[in-house]
Amino acid sequence: MKLSKSFVPTLKEVPADAVIPSHILMLRTGMVRMVSAGIYSFLPLGYKVLRKITDIIREEMNAIGGQEFHLPGLNPKEIWEATGRVEGFGDILFHVKNREYVLAPTHEEIMAFHAKGTLKSYKDLPQIWYQIQTKFRNEPRPRSGVIRGRQFLMKDSYTFDATWEDLDKAYELHDQAYRKIFDRCGLKYFVVGASSGAMGGNKSEEFMVKSDAGEDTVAYCESCSYAANVEVATSKIETVNRDDNSKELYEIHTPDVKSIDELCEFLKINQRETAKSRVYIHNGEPLLVLMSGNDEVNETKLNTVIGGDVRPGHPEELQNITGADAGSIGPIGFKHRIIADNRLRNGNNLYSGANKNDYHIGGLDLKRDVPAIEYFDLRSVESGEGCPRCNGKLEVFKAIELGHIFKLGTKYSEALGVYYLDEKGESHPAIMGSYGIGCERVLACYIEQNYDDKGIIWDTTLAPFSIHLIALNMKSELIANKSNELYDELSKAGYEVLFDDRIDASAGFKFNDADLLGMPVQIIIGERNLKEGKVEIKNRRTGDKDTIALDELKLKLKELLQ
RNA sequence: CGGGGCGUAGCGUAGUCCGGUUAGCGCGCCUGCUUUGGGAGCAGGAGGUCGCAGGUUCGAAUCCUGCCGCCCCGACCA
């Protein structure tokens with residue numbers, strides 16, 4: 001492709017609205033342009049890369065027996081009402097104003113609709129159906145460029161099986177296919193076991209990429225690949241001491257001491273000798289949660305453990321319930337349910353609030369003084385804590401979800417009537433699985449992992465072009481002729497070549513554009529070298545430059561672009 | 001939906017607090033000449049509903065009211 005005739009609007013300056021590297025670089029390289037919040041147009045260069053990603057996905061899906069569909073984005077609302085998901089999705093679902101249609105945010109319903117009455121016998125199963133289609137979700141806050149959009153491209157597949165064992169196989173096939181896809185795309189990713197949330201169903205795994213732009217926080221162990229969302233992650237930590245002798249309870253005057261840090265400072269003690277109190281309102285009743293030192297209450301874990309409605313108490317409520325303000329609350333004299341984090345189990349000689357402002361108590365023995373206490377895992381793991389599976393250390397960081405595989409079960413087949421007859425002629429709902437990949441996220445994550453201060457660094461697999469041919473001065477007849485000749489020759493040899501044949505762009509301008517666009521190999525045609533029958537070849541990733549004879553070029557390219 | 005920031009030419013911005021000529025600058029764009037190994041030089045030129053609507057005023061980018069849009073943090077989220 002000749003740059004002089006192409007629409008590749010690169011930007012020298014950083015657009016004000018872009019913050020994360022992938023967003024900035026996708027705008028600067030002219031891959032995408034925003035139309036509205038969370039709505040992007042893909043320009044030719046960006047679309048070329050997106051196509052390479054979907055081609056890889058398609059190949060790997062076909063390899064496990066997937067059959068590609070093309071489904072409508074516009075869906076009758078009726079079908080969505082059948083599964084209760086008009087309500088389920090709520091404001092996330094886009095509604096069409098002048099018809100009873102919705103814009104599909106995913107396609108379980110439509111796939112099940114097609115399966116109904118056609119997958120009639122166990123002999124028709126299993127099936128793997130997939131599509132690569134635009135989804136619509138009215139995200140309250142689109143962000144990070146293409147990573148969270150209101151309209152986005154997703155590969156979604158759905159499996160229909162007769163038995164749970166067969167579902168396991170379909171799930172396993174997807175698991176393997178996803179690993180191949182992300183490996184081929186050159187991404188560093190990891191896999192997290194997750195709860196399946198609003199999708200309904202049993203087991204699920206998320207394929208994640210570490211990134212500050214991520215929306216999930218995960219704990220990961222480098223040595224054994226343990227990975228879990230912090231909402232469920234556990235770690236190996238030391239529990240608090242239980243001394244041989246329990247002291248008696250005693251009151252301490254602690255003026256203006258509110259936080260655990262202040263208490264530790266005031267009493268010259270370690271935070272593990274303290275029990276922090278947090279008051280929640282659970283189904284209308286007060287609930288005291290005790291944590292060791294500065295450990296934070298993980299509200300997701302709390303919710304899972306006790307169920308129902310939970311919220312932190314308001315300041316006035318705390319005063320009414322305990323007679324004290326936050327910072328002076330404690331378990332002694334608290335007349336409602338008390339639960340504590342496992343770390344505090346059976347601790348004694350602890351310090352805690354006295355339910356009286358400016359007073360704390362010492363000598364607290366949870367076993368003796370709070371007999372009705374219940375222990376649960378309630379804390380969030382932190383970086384540096386021990387991996388629960390091996391002797392490694394956990395790292396806690398933000399991550400982007402690239403793909404998600406679910407064992408759905410029979411929710412949709414039952415709601416939409418996808419039943420088959422088994423060998424005995426008995427009717428059963430088909431057992432479904434659902435598997436998604438965010439295609440633009442693959443692109444954005446690749447860039448997040450492969451850039452430098454000059455621009456993007458493409459590997460050959462996803463690169464829009466493998467060779468960036470730079471003719472330094474197109475007004476020189478020698479250069480113009482030779483570079484055009486090379487362009488034809490390399491194109492015929494099967495290389496995808498981006499030819500910077502712009503007549504008025506200066507050398508430096510072309511170099512910087514080439515580094516920004518980031519094709520794996522640059523071939524630089526300059527007058528000096530050319531007069532000696534030589535060209536320069538540059539490896540974008542390493543920055544290595546070689547001046548080589550023209551007749552060595554093909555060999556060198558083979559070496560660099562294998 | 002809560003908090004914060006922003007909206008001036010294609011992009012990046014100054015001016016806004018404290019109202020007063022023709023709204024300034026850099027990049028980009030157009031024309032001509034020169035230049036071509038790391039974002040060229042000179043000369044000339046085009047391009048603006050100052051987000052929108054209303055108000056105050058002799059006079060509004062600037063002050064007031066309402067609305068819209070965009071970014072960030074939080075809440076929410078396959």
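How many residue pairs are in polar contact between domain 1 and domain 3?

Modeller: Happy to, and please keep in mind that this is a predicted model. Between domain 1 and domain 3 there are two residue pairs in polar contact, both at pLDDT 80 or more. Helix H2, residues 44–63, gives the most to the side of domain 1 that touches domain 3, with three residues. Sorted by class, that side of domain 1 has two nonpolar and two charged residues, and no polar ones.

Let me place the two partners in the chain. Four residues of domain 1 are in contact with four residues of domain 3. About 250 Å² is buried between these two domains, and carbon and sulfur atoms give 41% of that area. On the side of domain 1, Leu 45, Lys 48 and Lys 52 supply 83% of the area buried against domain 3, more than any other three residues.

Charge pairing also belongs to this part. The count of salt bridges between domain 1 and domain 3 is two. Lys 48 forms a salt bridge with Glu 496, and their closest N and O atoms are 2.6 Å apart. As background, side chains of opposite charge can pair when their charged atoms come close. A search of the whole structure finds 39 salt bridges. One of them is formed by the side chains of Glu 59 and Arg 184, at 2.9 Å from N to O. Glu 59 lies in helix H2 and Arg 184 in helix H6 (residues 164–184), so this pair ties together parts that are 125 residues apart in sequence.

Away from that contact, there is an open sheet of three strands to look at, in the order S4-S6-S5 and with antiparallel pairing. Strands S4 (74–76) and S5 (94–95) are at the edges with a single partner strand each, so one side of each has no neighbour in the sheet. S5 is joined by two bridges to strand S6, residues 101–103, and the two run antiparallel. Phe 94 stands opposite Leu 103 in S6.

A few backbone details are worth a look as you move along the chain. Most residues other than glycine have a negative phi, and most peptide bonds are trans. Against that background, the peptide bond from Leu 125 to Pro 126 is cis, with omega near 0 degrees. Pro 126 is in the loop between helix H5 (108–115) and strand S7 (127–136). Asn 283 is not a glycine, yet its phi is positive, near 50 degrees. You will find Asn 283 in the loop between strand S14 (275–282) and strand S15 (285–292). Asn 346, which is not a glycine either, has a positive phi of about 60 degrees. The loop that holds Asn 346 runs between strand S17 (337–341) and strand S18 (350–353).

How values were computed:
Residues are numbered from 1 along each chain as its sequence is written. Chains are lettered from A and ligands numbered from 1 in the order in which they are written. This is a predicted model: local features need pLDDT of at least 70, side-chain atom pairs count only at pLDDT 80 or more; totals for chains, interfaces and linings use all residues. Side-chain values use heavy atoms; hydrogens and water are left out. Two strands pair if DSSP finds at least two bridges between them. Helices (H or I, at least four residues) and strands (E, at least two) are DSSP runs, numbered from the N terminus. Contact means heavy atoms within 4.5 Å. Buried area is the accessible area (1.4 Å probe) that two parts lose on being put together, summed over both. A salt bridge is a side-chain nitrogen of Lys or Arg within 4 Å of a carboxyl oxygen of Asp or Glu. A polar contact is a pair of N or O atoms within 3.5 Å; within protein, one must be able to donate a hydrogen and the other to accept it, and residues adjacent in sequence count only if both atoms are side-chain atoms. Ala, Val, Leu, Ile, Met, Phe, Trp, Tyr, Cys and Pro count as nonpolar, Asp, Glu, Lys and Arg as charged, and the others, Gly among them, as polar.
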